[in-house]
Protein chains: 2
Amino acid sequence: MTPTPLGPGPEFDLIRRFLARSRKGGPGILVGPGDDCAVFEGGRIAISSDLSVEDVHFRRAWLGPEEIGRRAAAASLSDLAAMAAAPLGALVSLGAPAADVPDVAEKCMAGATEMLESAGAVLLGGDVARSPGPLFLDVVVLGRVERPVLRSGARPGDEVWVTGALGAAAAAVRCWARGDEPPAAARDAFAHPRPRIREALWLAERDVPRAMLDLSDGLAGDVAHLAAAGGFGVLLEEGHIPVHPAAAAVAPDPEEALALALGGGEDYELCFAARPGAVQKVANEFMDSFGVVLTRVGTVREEPGVALHRSDGSIVPPDVEGYRHFAGGSR
Amino acid sequence: MTPTPLGPGPEFDLIRRFLARSRKGGPGILVGPGDDCAVFEGGRIAISSDLSVEDVHFRRAWLGPEEIGRRAAAASLSDLAAMAAAPLGALVSLGAPAADVPDVAEKCMAGATEMLESAGAVLLGGDVARSPGPLFLDVVVLGRVERPVLRSGARPGDEVWVTGALGAAAAAVRCWARGDEPPAAARDAFAHPRPRIREALWLAERDVPRAMLDLSDGLAGDVAHLAAAGGFGVLLEEGHIPVHPAAAAVAPDPEEALALALGGGEDYELCFAARPGAVQKVANEFMDSFGVVLTRVGTVREEPGVALHRSDGSIVPPDVEGYRHFAGGSR
């Protein structure tokens with residue numbers, strides 16, 4: 001059974017449609033749906049949820065049950081990081097085929113719990129039910145946040161930065177899709193994403209990010225949310241995209257490797273906008289503290305939408321569908 | 001495809017096992033997993049989640065898409081009622097087969113949102129993904145609570161009360177299971193459960209319930225949680241169980257009707273323990289305010305476990321498996 005990518009289009013359209021119908025905000029609700037997390041309790045508690053569905057977000061041939069749980073939890077925690085929220089609690093709901101109860105289900109739960117607790121989130125509850133189809137997890141995370149960093153807030157002239165390197169998780173999916181075992185580094189990126197929580201809190205304490213999100217759907221697609229939320233646009237610099245070595249190893253053609261970095265998803269790195277010069281001041285200390293590089297990938301500009309400044313000097317719209325095709329799409 | 005009941009046994013064992021492994025509580029966490037809701041933020045916020053999975057909790061032949069969404073939301077809201085928490089916000093995660101996007105998925109979401117908002121819960125977020133199998137929803141609800149009413153807190157001699165009448169939802173499932181269309185009242189009980197939020201808040205304001213939960217798995221099974229949480233037992237009075245007229249209509253044999261009321265699930269009524277005489281003082285006002293009867297169904301006693309005082313004077317363990325068999329089991 002080949003996973004058919006649902007694609008961001010219809011998924012986001014559906015979310016937009018039902019959210020548009022619901023009331024916006026309420027007493028004590030600072031940020032409603034549409035950002036990485038909602039923020040309530042007068043802006044002190046952030047909450048987010050993330051679904052992981054077998055044969056849509058992962059396959060059992062790719063991941064062990066503990067990894068499935070860890071990865072589902074990491075994806076949710078990454079939403080807290082995107083808001084600069086400190087993990088507080090979590091709920092894990094699990095649907096599992098009868099044959100997977102208790103063994104596989106319990107290992108999934110153990111993996112999720114381990115990841116959540118290592119990030120400081122206490123398991124507050126959840127639900128378990130039989131699934132007559134795929135294994136699935138819905139991980140809800142709660143975080144404490146003093147000053148949430150929203151997707152909006154970027155201004156023209158701001159620099160756009162990312163943590164780490166991009167495209168390795170997509171490279172792993174690409175290998176699996178063509179029947180190969182991915183290189184260890186690519187598999188690790190897909191199976192063990194590390195939500196950038198400490199990094200996000202560190203940057204937010206220093207007032208660096210004016211707008212931030214996490215990269216779950218690919219840089220080109222996600223930066224479009226950052227641009228749209230602020231009402232501005234982003235110009236990405238082709239030559240500055242930090243292509244992960246594992247992506248370059250899987251795709252020797254530099255165009256293809258770039259496509260994995262720009263269009264592949266599930267990197268769970270941070271992408272943020274900062275005032276000109278603000279990041280340079282802290283980049284070395286950041287690298288020393290976390291062993292993670294910060295790379296400037298572009299600039300916020302007045303002109304709406306996302307464009308790519310190619311090495312040949314041309315400015316083109318990023319061909320997300322093309323990238324998605326290269327990347328293999330696991331969603 | 002006949003839904004195979006997972007049964008409360010393995011489901012609860014699994015929950016117990018993974019929760020036992022996780023840390024209990026944390027800073028500001030008053031109630032950890034194991035009650036109807038977890039309570040955090042120094043005891044001010046209650047949170048709970050509830051999964052609804054196609055062909056496990058419902059079938060499409062039984063419910064329309066809006067009803068599927070409404071019912072899933074009602075089940076979660078009922079957990080807030082059980083804690084005497086006032087609904088504040090919610091997250092809805094939906095998995096839907098590609099063929100159901102957008103139409104069925106959107107109607108499910110609309111139904112869930114309508115139910116949540118009618119109860120005062122603002123839609124804070126959620127997630128949407130393709131499901132290669134069943135339609136499913138995970139509804140997470142947040143509520144504000146001053147003094148949560150826990151499952152523990154009952155003392156020997158306390159009276160055990162329930163709101164409303166029991167067994168109608170199970171009667172509907174029983175009809176569907178044998179290929180009949182259920183009577184309108186039974187179908188309505190299954191398709192449109194009404195979480196007893198206002199009723200719970202009203203009772204809690206008057207300090208009536210010492211321990212409370214909602215009836216999702218059937219009175220005999222759920223009251224066992226109330227008994228176990230307090231370290232005591234409950235003696236149910238067979239002659240006092242408020243059998244819903246629709247259950248009596250579907251099961252003309254009084255033993256079978258009682259089985260539906262005792263062992264059938266998804267009534268989403270409240271069950272609570274109160275000091276002797278405390279409920280009588282408010283029962284008429286409660287009836288006038290909500291049009292819902294309060295019935296005393298038993299007594300908390302030292303002897304652990306749940307027993308049934310039959311009309312012939314004998315005291316027997318409630319035969320939950322037998323009841324489950326009668327009820328048809330939809331889980």
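**Exercise 1. In what order do the five strands of the open sheet in chain B stand, and what is the pairing?**

Solution. Before we start, a word on the model: it is predicted, local features need pLDDT of at least 70, side-chain atom pairs count only at pLDDT 80 or more, and totals for chains, interfaces and linings use all residues. Residues are numbered from 1 along each chain as its sequence is written, while chains are lettered from A and ligands numbered from 1 in the order in which they are written.

Step 1. Find the strands; helices (H or I, at least four residues) and strands (E, at least two) are DSSP runs, numbered from the N terminus. Two strands pair if DSSP finds at least two bridges between them.

Step 2. Read off the order: in chain B it is S1-S2-S5-S3-S4, and the pairing of this open sheet is mixed.

Step 3. Look at the edges. Strand S1 (38-40) and strand S4 (122-130) of chain B each have a single partner strand, so one side of each is left without a neighbour in the sheet. From one strand to the next, the twist averages 20°.

Step 4. Zoom in on one pair. Strand S3 (residues 86-96) of chain B and S4(B) run parallel and are joined by eight bridges. In this pair B:Val92 stands opposite B:Gly126 of S4(B).

**Exercise 2. Find which strands of chain B are touched by helix H2 (residues 65-83) and by helix H3 (residues 103-118) of chain B**.

Solution. Step 1. Set the rules: two residues are in contact if their C-beta atoms, placed from the backbone, lie within 7 Å. Axes are lines fitted to C-alpha atoms, for helices over the stretch in contact, and angles run from 0 to 180 degrees between N-to-C directions.

Step 1. Take H2(B): this helix packs on the sheet and touches strand S2 (45-53), S3 and strand S5 (136-144) of chain B, with its direction at about 145° to that of S2(B).

Step 2. Take H3(B): this helix also packs on the sheet, where it touches S3, S4 and S5 of chain B, and its direction makes about 170° with that of S3(B).

**Exercise 3. Describe how H2 and H3 of chain A pack on each other**.

Solution. Step 1. Two packed helices are described by the angle between their axes and the distance between the axes. For helix H2 (residues 65-83) and helix H3 (residues 103-118) of chain A, the angle is about 40° and the axes are 6 Å apart.

Step 1. Classify the angle. This makes H2(A) oblique to H3(A); angles under 35 degrees count as roughly parallel, over 145 as roughly antiparallel, 65 to 115 as roughly perpendicular and the rest as oblique.

Step 2. H2(A) passes H3(A) in a right-handed crossing; a crossing is left-handed if the near helix is turned anticlockwise from the far one by less than a right angle, and right-handed if clockwise.

Step 3. List the partners. Among them are A:Ile68, A:Arg70 and A:Ala73 in H2(A), and A:Val104, A:Met109 and A:Leu116 in H3(A). The residues of this contact divide into twelve nonpolar, two polar and five charged. Here Ala, Val, Leu, Ile, Met, Phe, Trp, Tyr, Cys and Pro count as nonpolar, Asp, Glu, Lys and Arg as charged, and the others, Gly among them, as polar.

**Exercise 4. Locate the edge strands of the seven-stranded open sheet in chain A**.

Solution. Step 1. The order is S7-S9-S6-S10-S8-S11-S12, with mixed pairing.

Step 1. Strand S7 (211-214) and strand S12 (315-316) of chain A are the edge strands, each pairing on one side only.

Step 2. Inside the sheet, strand S6 (residues 159-163) and strand S9 (residues 270-274) of chain A pair in the antiparallel sense over four bridges. A:Trp161 stands opposite A:Phe272 in S9(A).

**Exercise 5. Judge the confidence in chain A**.

Solution. Step 1. pLDDT is the predictor's confidence in each residue, from 0 to 100. Chain A has a mean pLDDT of 89, and 86% of its residues reach 70 or more.

Step 1. Where pLDDT is low, the predicted coordinates should not be read in detail.

Step 2. For the complex, the predictor gives an ipTM of 0.90 and a pTM of 0.91.
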